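Q: Could you walk me through this structure, one feature at a time? I would like to learn how each one is read.

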Amino acid sequence: NQVFTINNQERDYYKEGGGLTFSILEPVKYFEKVVKTSDSPTLFYINRKGVKKVIPNEQVFLSYKNRFEDIQVIPLAMLERYPVFHAIYLSGDKKIFTIDQGTNTKHWIRSLEAFQRLHLDWGRVLPVNQTEFNTYPEGSPIE
């Protein structure tokens, strides 16, 4: 409740101080990393645009040539600032699938109208490799 948005003229009035160190106030950075919180074993992939997606299992984690020693532990408050992915596609394919968060079932979105009706965001559609794609059982298409 103590953060304010100001214009450039007001910003220029203040003397620039030292940079912030790592904290919850740190701006969301856009990187491609695997992260987790200290109180949960769940791993998340965060892409360059700052969109997060759960890594469903160890086999998928390793299929992307990730290494366990490269996992970054971040505060839960920081993890919660990243938006969640909306859909996936298999690298090299044009079909877009949404994932049912309750069942982990993938559903092919068959039309632009269906994509729009679901209020999905193109910026939150992530590519996946074959190993991850095969992890999700296929459900009925969304017309």
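Q: What is the accessible surface of the protein chain, and what share of it belongs to carbon and sulfur atoms?
A: Accessible areas come from the Shrake-Rupley method with a 1.4 Å probe, and for residues only the protein chains shown count as cover. Here the total is about 10000 Å², with carbon and sulfur atoms holding 52%. Keep in mind that this is a predicted model, where local features need pLDDT of at least 70, side-chain atom pairs count only at pLDDT 80 or more, and totals for chains, interfaces and linings use all residues. Residues are numbered from 1 along each chain as its sequence is written, and side-chain values use heavy atoms, leaving out hydrogens and water.

Q: Which pattern does the protein chain follow along the sequence?
A: Helices (H or I, at least four residues) and strands (E, at least two) are DSSP runs, numbered from the N terminus. This chain has five helices and eight strands, in the order α-β-β-β-α-β-α-β-β-β-α-β-α.

Q: How many aromatic pairs does the structure hold?
A: A pair of aromatic rings is described by the distance of the centres and the angle of the planes. Rings of Phe, Tyr and Trp (its six-membered ring) pair if their centres lie within 6.5 Å; planes under 30 degrees apart are stacked, over 60 edge-to-face, and the rest tilted. The structure has three such pairs. In one of them, phenylalanine 97 and phenylalanine 133 have centres 5.1 Å apart and planes at 75 degrees, so they are edge-to-face. Because phenylalanine 97 belongs to strand β6 (residues 96-99) and phenylalanine 133 to helix α5 (residues 130-135), this pair ties together parts 36 residues apart in sequence.
A: Another pair, phenylalanine 115 with tryptophan 122, is stacked, at 3.9 Å centre to centre and 20 degrees between the planes.

Q: Is phenylalanine 115 buried or exposed?
A: Buried means under 20% relative accessible area, exposed over 50%, and partly exposed in between (1.4 Å probe, protein chains only). Phenylalanine 115 has 3% relative accessibility, so it counts as buried, while tryptophan 122 is exposed at 52%. Phenylalanine 97 and phenylalanine 133 are both buried.

Q: Which ring does the charged end of lysine 95 sit over?
A: The test asks for NZ of Lys or CZ of Arg within 6 Å of the ring centre and within 35 degrees of the ring normal. Lysine 95 has its charged end over tryptophan 108, 4.2 Å from the ring centre. Lysine 52 lies over the face of phenylalanine 44, at 5.9 Å.
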